[in-house]
Amino acid sequence: MGIPFDQLGRLFALWGHRTYPDWAWPLLARSLETLPPTARVLDLGGGTGVLARAALAARPDLKPVIADPARGMLRHAPPGVEVAVARAEELPFGAGRFDAVLVGEALHHFQEPVAALAQIARVLEPGGLLWIYDFDPRRGIGRWVYWGERLLGEPARFFSPEALLERLAEHDFTGVYEARGGRYVLSARLAGTPRATAHPA
Ligand SMILES: C[S@@+](CC[C@H](N)C(=O)[O-])C[C@H]1O[C@@H](n2cnc3c(N)ncnc32)[C@H](O)[C@@H]1O
């Protein structure tokens, strides 16, 4: 059981971006502004690359890679963007390979999200950015998504934003979040000094 992502590429390519609230996009753009020129960005559980597309729209100089186990999703990735068939729990990338990792509506689908967080910390540069959009299972629409996914046989391993920040602290991240109606955007930094930013303050 579970959602057959492999067969849903066309649907996500058409509608995936619509599942994000409008207020998430400026938050993403603001986080991306802090990245160095030509920063290497991993769209993890990226499916058809909704976040990779948004990142390129905000910062055309970025170098995204989309990683996802579902080939049927990756087939609809934007032309020219690198893709990797991979699970978040076993990322086939060297340590410090990325300046940023983006995870949109995907963390709760991972079988082992805690193992995935360790992998994210490993593949990020010191000072690297982690940007997550997900649902809070205790509130608003998040409650419905939680129960819906449980019924569908998905892992449904949801974190509240507070619990996620605590988990991330165990991997040397510090961050903030903005939550509205059962959805949240969390932005965190791995300890260390990031490479020079594109837009220094
Ligand atoms: C709801 S979709 C979101 C896709 C994309 N991030 C977006 O915003 O449209 C969840 C994605 O998580 C992927 N996924 C499921 N388990 C995964 C895992 N263990 N590691 C990485 N990605 C996974 C699925 O294949 C699917 O593409």
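**Aromatic pairs and the ligand site**

Seven aromatic pairs are present in the structure, which is a predicted model. One of them joins Tyr-20 and Tyr-133. The ring centres of these two residues are 4.8 Å apart, and the ring planes meet at 35°. Planes under 30 degrees apart would count as stacked and those over 60 as edge-to-face. The pair of Tyr-20 and Tyr-133 is therefore tilted.

The two partners come from separate elements. Tyr-20 belongs to the loop that runs between α1 (9-15) and α2 (24-33). Tyr-133 is part of strand β5, which covers residues 124-135. The pair therefore ties together parts that lie 113 residues apart in sequence.

Tyr-20 also takes part in the ligand site. There, 20 residues surround the ligand. The closest are Tyr-20, Gly-45, Asp-68, Ala-88 and Gly-104. By class, the shell around the ligand contains 11 nonpolar, five polar and four charged residues.

Gly-45 places a polar backbone atom 2.9 Å from a nitrogen atom of the ligand. For Gly-104, a polar backbone atom is 2.8 Å from a ligand nitrogen. Glu-89 contributes through its side chain, with a polar atom 2.9 Å from a nitrogen atom of the ligand. On its own, the ligand has 590 Å² of accessible area, and the protein covers 93% of it.

Technical notes: Residues numbered from 1 in each chain as written. Predicted model: local features only at pLDDT ≥ 70, side-chain atom pairs only at ≥ 80, totals over all residues. Heavy atoms only, no water. Near = heavy atom within 4 Å. Polar contact = N/O pair within 3.5 Å; in protein donor to acceptor, adjacent residues only side chain to side chain. Areas by Shrake-Rupley, 256 points an atom, 1.4 Å probe, with all protein chains shown as cover. Nonpolar A, V, L, I, M, F, W, Y, C, P; charged D, E, K, R; others polar. Phe/Tyr/Trp six-rings, centres within 6.5 Å; stacked < 30°, edge-to-face > 60°. Helix = DSSP H or I, 4+ residues; strand = E, 2+ residues; numbered from the N terminus.
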